[in-house]
Amino acid sequence: MTTDGLLGTREVVITQPRSFTERSILQRWAEREHPGARVVSIGAGLEAPAALGEALDGDDTVIVPARVTWVTPEPDASGALRKLAGLATTAAMRVAWSPLHPTMARHRPDAARVVAGEPATVADLVSRFVAQENGRPGSVGFSRFVARQAVLACDRAERRILGDRYKVPRRMVEQITSSTRFPKLVDRLVRQTGSTKAEIEQQLGSCLNEMAAVQSPPAIDVFRAMMGPMHTKAWDVQVDESGLERLRELNREHALVFLPSHRSYADPLVFAEVLHERNFPRNHVLGGNNLSFWPMGALGRRAGVVFIRRSFGGDTVYKAAIQEYLGHLLAKRFNLEWYIEGGRSRTGKLRRPRYGLLRYLVAAMEDRPELDAVLVPVSIVYDQLHEVGAMAAEQRGGEKKAEGLGWLYGYFRDQRRHVGTARVRFAEPLSLRRALADAGDGSARLEKVAFRVCAGINQVTPATATSLATFALLSARDRALTLQQVREVVAPLADYLEARGVPVPIAELRTRHGLRMTLDRLAEAGVVTIYSGGTEPVFSISSGRHHVAAFYRNGALHHLLNRAMLELALLRVGDAGEEDDPVDVAWRELARLRDLLKFEFFFSTRREFRDEILREADLVDSGWRRRAGQPADARAALRRAPLLVAPGVLRSFFDAQLVVADRLAALGDDPLGDEDDFLNDCLGVGRQMLMQRRLDRPDSVSRELYATALRLAENRDLLHSASPGARRADWLAEVGAVIDDLGRLADLHRARLEVVLGDGDDPPPEPVVPDRGTKERAEGDTGVAS
């Protein structure tokens, strides 16, 4: 509805001045644009003066909302310091403190712009009030409703000037508590808790005020200016622009729920800047209240961060408040963002998802049948992270440093050095309603939806040069490699990933210069040691930095998982007797490995997994379908394969399982005691086994890997069941057998490198696949599975 054709009707202009200067600007505008109209001002707290109630008479009276918006140009993006200075200046202008208004109006008259919201008649507003709040037109509540609608109308008009990036919520708690849904929610909680209506209303209001973000454009700009040093210098950012444009179209009809991977404290800052620069509305970012300390808490809340208690157990009212708040945001089409892993990954690979927030979102949506949400899996991956050293220390048993001002200062200081590129990519979005329907009924429904999200994240996560270079050096164990030897490992990896359609940084991997630059950056970060005292430089993982290197390597392991499992299956086929069916042997081995690794990686459905393995077999040996399939064929395929990845991909995880299985077997039939004490015991025993060379690499000595192995043991009913001793010993033997197979593949891999890189006139003989008996006799009682 517009003012055209409204001549002769009675008009009331509702203004929202914050100073005498703004009041004068609005008065002059009203006299010019709406001569004869009555001007009524409302306060910042949406106080409805008596004059407003008096003005709301007559169904045909037209209400015109208006306010002053201080418009400033976006800061120049060239140069980090100039950008931060520009952000600070813009923030100061948009805050527009009332004492500055006269000076701003005098020196920048073009910055003060009157925005007028969509007009509405009193009759229209009465209809909305009755429908939304079940109220009476003549009440004080109606005057407050009109004032709130005027603010919302001006917000929408303001976005046409400032862009969608400044779409912010207004008076969310008041909207929730004054809705027709709220009394029903209170009645339900009264029945559930036995508390009085007044107590429930007070508790709900308190919970909602605690969590509700109160965004404002000035606060958003101040937050960007203050938090910029946490990410602007550290990384260049590459964005999947086409994926973001698809999401823009979806956002016109649905709220988007962004679910990124979580590697760094800077993730939400990097992602917020990506959206802001592309004129997306700011997300409501749901995070733990451990980061709500001053000044991050006060400012973050005003910039869209929703701080959630990290634990609220049986607090029925708090849970209801979260559900209602999420549902309200969904209904108002405000976008959400949270990190589905629950916390930062300490190992570099995607952690298992947490379902709590997803459960509340689903409940809120099912309570509103007309709504749907679009889940957006997001991959955020970095060449390097300053904080990965601290996370690696936690894996070795170190204490996590508590967040606070001291921590924040240290983080800002570390982020001053540039460490490469951050890449943001978007997987195929999912309709939440459709995903729930596809998952079917049952207790695993949410788990299936969350796994689809995680599989989507993994699918679009690129392999970085850092991940492949650390893969090569970690696979060499403690042996230093020349640049050419690193290339001999990395080049076939890059070829393989390209054949799979996985994005890889060609320039950084295909040339000696690009690969050397990658290794030099890792050396600058202390991850790699370069020794140049001989005939040519050699590269190795620095002492004590294996967990850091593993963090970078693990970011690409999901792309290599099926290949690694197929190699182990082919090895078992090569061991099979003439009476065995090679195909049955292979699928049995793949099923066994999948069960052993199901808490470490995200697998497709069994049907999809079978198709993936068949495609993988085509890459290993394109002619395998034309042959009958004998053990000798499997051994030949392994000898001819341009790369063997199983030891580099899987050894750390099975070494960790070996330690946990060993400690459980040592308990005999006794039940598991305190879990923390058990994990600490595993750390100690793991270090001992590493020193005894019973484990292959230091990065397997990891509290998080042990915790995941313990979840597998729990799934196999090995923790507290009656008489589990024999089954614990069986698991230990099973893991030991897999480690033996990985050792044989590692021997074959090293032998191949010797063939490729042999320096003598007579090259070493062609590598052969060690058989199980030879390997076991060579290791005797000191093997890894002893």
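Modeller: Two strands are taken as paired if DSSP finds at least two bridges between them. Please keep in mind that this is a predicted model.

Biologist: Then how many bridges join β15 to β16?
Modeller: Four bridges join β15 to strand β16, residues 538-541, and the two run antiparallel.

Biologist: Let us step back to the whole chain. How many helices and strands are there?
Modeller: The chain has 33 helices and 16 strands. Of its 786 residues, 55% are buried. Among contacts between residues at least 6 apart in sequence, 77% join residues at least 24 apart.

Biologist: Is helix α20 buried or exposed?
Modeller: Eleven of the eleven residues of α20 (residues 465-475) are buried, so the helix is largely enclosed by the rest of the structure. The buried residues include Leu468, Phe471, Leu473 and Leu474, and also Thr466, Ser467, Thr470 and Ser475.

Biologist: What follows α20?
Modeller: Arginine 477 follows α20, and its phi is positive, near 60°.

Biologist: Where else is there a positive phi in a residue other than glycine?
Modeller: Serine 723 is one case, with phi near 50°. Serine 723 sits in the loop between α31 (703-715) and α32 (725-757), and it counts as exposed because its relative accessibility is 53%. Arginine 333 also has a positive phi, of about 60°, although it is not a glycine. Arginine 333 is in the loop between α14 and β10 (336-337).

Biologist: What is the relative accessible area of arginine 333?
Modeller: The value is 34%, so arginine 333 is partly exposed.

Biologist: Since you mention α14, at what angle does it cross α9?
Modeller: The axes of α9 (residues 197-211) and α14 (residues 316-331) cross at roughly 55° and come within 9 Å. The two helices are therefore oblique to each other. Their crossing is right-handed.

Biologist: Which residues of the two helices meet?
Modeller: From α9, the residues are Ile200, Gln203, Leu204, Cys207, Leu208, Glu210 and Met211, and they meet Val317, Tyr318, Ala321, Ile322 and Tyr325 of α14. By class, this contact of α9 with α14 has ten nonpolar residues, one polar and one charged.

Biologist: Why might residues three or four places apart point the same way in a helix?
Modeller: An α-helix has 3.6 residues a turn, so residues at that spacing point the same way.

Biologist: One last topic: where does aspartate 670 lie?
Modeller: Aspartate 670 is in the loop between α29 (646-666) and α30 (675-691). At 47% relative accessibility, aspartate 670 counts as partly exposed.

Biologist: How far apart are aspartate 670 and glycine 725 in space?
Modeller: They are 7.8 Å apart, C-alpha to C-alpha, while 55 residues apart in sequence.

Notes. Residues are numbered from 1 along each chain as its sequence is written. This is a predicted model: local features need pLDDT of at least 70, side-chain atom pairs count only at pLDDT 80 or more; totals for chains, interfaces and linings use all residues. Side-chain values use heavy atoms; hydrogens and water are left out. Axes are lines fitted to C-alpha atoms, for helices over the stretch in contact, and angles run from 0 to 180 degrees between N-to-C directions. Angles under 35 degrees count as roughly parallel, over 145 as roughly antiparallel, 65 to 115 as roughly perpendicular and the rest as oblique. A crossing is left-handed if the near helix is turned anticlockwise from the far one by less than a right angle, and right-handed if clockwise. Contact means heavy atoms within 4.5 Å. Ala, Val, Leu, Ile, Met, Phe, Trp, Tyr, Cys and Pro count as nonpolar, Asp, Glu, Lys and Arg as charged, and the others, Gly among them, as polar. Buried means under 20% relative accessible area, exposed over 50%, partly exposed in between (1.4 Å probe, protein chains only).
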